[in-house]
Amino acid sequence: MRKPAWCIASLGSLAPIGSHKAFWPPRRRCHSLHSNYMLNRGYAYTTIISSKYHGQTLLSHLASLYPHSTPQAWQQKLNNGEVTLNGVTATGSESVTLGQTLVWNRPPWIEPDSPQHFEVLFEDPHLLAVNKPSGLPTLPGGGFMENTLLRLVQKQTPNANPVHRLGRATTGIVLFAKTPQAASNLFANWNTPKIQKIYRALAQNIAQHDAYEILTPIGLVPHPLIGSVWAANPSGKPSKSLAKVISRTTSTTTFEVSLNSGRPHQIRIHLASIGHPLVGDPLYGLTGQPLENLPGLPGDGGYFLHAQFLNFQHPITGEQINLEAALPSGFSLHQ
């Protein structure tokens, strides 16, 4: 049975993971997104040394593996005892060998602020669909462990797991499965015509045609801050998007985009690759490659991309489910 759309206020806390003590009283209004203070429990980043790094010093390996920190910063982390090699606290001067287990025990940190509300669009015993606000990561990563949609949803529905993910600044529908059967069916059909995913995107420049089939392959390319990032790459994986023009202004085009594959940042990359990067995108330029001068990070915001419609057959009941998430105000302000 469907429930009407409603809102949840889930709050960050200073308590350990798994605790449900709220840090301040909940607020009920859906549009009242607020910041929160979240000290997480830290995280152990674990990798296995592969053959191509065999013989490197640990310090140089860490600096190349995690280029967001300088070798000097890594040496400080080593001096603080944050890094182990095969369970032994490391100094940095060791030579790494194939098969060793490298662990960086990152100490607890205060996570960046993120919205703490989301709208529930649909819920039954098998599925949960929510409207994700901009600025809230779907899953842990990129400095976020607790301030994520996954953690907020699981505080209310512990058995819910996302079937897919949206970028941190992307808004709109995220579908969760509550049962293994529902998850299995949705995963099997996710990138097939059985599941229709339609996005709204605000892009730079005026489109010359009314519709585009975009087949730009997507693969990893170098990024100066994080080593590599997904982007247009001739030797990448095949990808397909269909983009239809909804409206034009003197300098922008609003597209409706349907996905036929599920590559990371696919719409941002694909529209950029045909000369229409998203308005405000800090990462991708006209070719679908990272901007030449200090490209941003994949999670940086500023662009307008919204997962507006999701249409599929219910994985258990077979009922046709048609979900819609209302456009955020940013689209009408910039069109």
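Trainee: Leaving aside its neighbours within four places in sequence, which residues is His-223 in contact with?

Mentor: Contact means heavy atoms within 4.5 Å. His-223 is in contact with Ser-228, Val-229, Leu-283, Pro-295, Gly-296 and Leu-297, leaving aside its neighbours within four places in sequence. Some ground rules. This is a predicted model, where local features need pLDDT of at least 70, side-chain atom pairs count only at pLDDT 80 or more, and totals for chains, interfaces and linings use all residues. Residues are numbered from 1 along each chain as its sequence is written, and side-chain values use heavy atoms, with hydrogens and water left out.

Trainee: Is His-223 buried or exposed?

Mentor: Buried means under 20% relative accessible area, exposed over 50%, and partly exposed in between (1.4 Å probe, protein chains only). His-223 has 4% relative accessibility, so it counts as buried.

Trainee: Which backbone oxygen lies 2.8 Å from a polar atom of the His-223 side chain?

Mentor: That of Gly-296. His-223 itself sits in strand S12, residues 218-223. Strands (E, at least two residues) are DSSP runs, numbered from the N terminus.

Trainee: How do I read strand pairing?

Mentor: Strands of a sheet pair through backbone hydrogen bonds, either parallel or antiparallel. Two strands pair if DSSP finds at least two bridges between them. Here, an open sheet of four strands runs in the order S2-S5-S3-S4, with antiparallel pairing. Its edge strands are S2 and S4 (88-89), each pairing on one side only.

Trainee: Over how many bridges do S2 and S5 pair?

Mentor: Six, between S2 (residues 43-48) and S5 (residues 101-106), in the antiparallel sense. Ala-44 stands opposite Asn-105. Tyr-45 stands opposite Trp-104. S3 (residues 83-85) also pairs with S5, over three bridges. There, Val-83 has Trp-104 as its bridge partner.

Trainee: How many cavities of 30 Å³ or more does a search of the whole structure find?

Mentor: A cavity is a set of points, on a 1 Å grid over the protein atoms alone, where a 1.4 Å probe fits but cannot get out; lining residues have an atom within 4 Å of a point. Grid points are joined across faces, edges and corners, and the volume is the space filled by probe spheres set on the points. The search finds one. The largest cavity has a volume of about 60 Å³.

Trainee: Which residues line the largest cavity?

Mentor: His-164, Ile-173, Trp-190, Lys-197, Ile-198, Tyr-199, Ala-307, Phe-309 and Leu-310. Strands S10 (196-204) and S16 (305-313) are the elements that give two or more residues to this lining.

Technical notes: On a 1 Å grid over the protein atoms alone, a cavity is a set of points where a 1.4 Å probe fits but cannot get out, and a pocket is an open set with protein on both sides within 12 Å along at least five of seven lines; lining residues have an atom within 4 Å of a point. A polar contact is a pair of N or O atoms within 3.5 Å; within protein, one must be able to donate a hydrogen and the other to accept it, and residues adjacent in sequence count only if both atoms are side-chain atoms.
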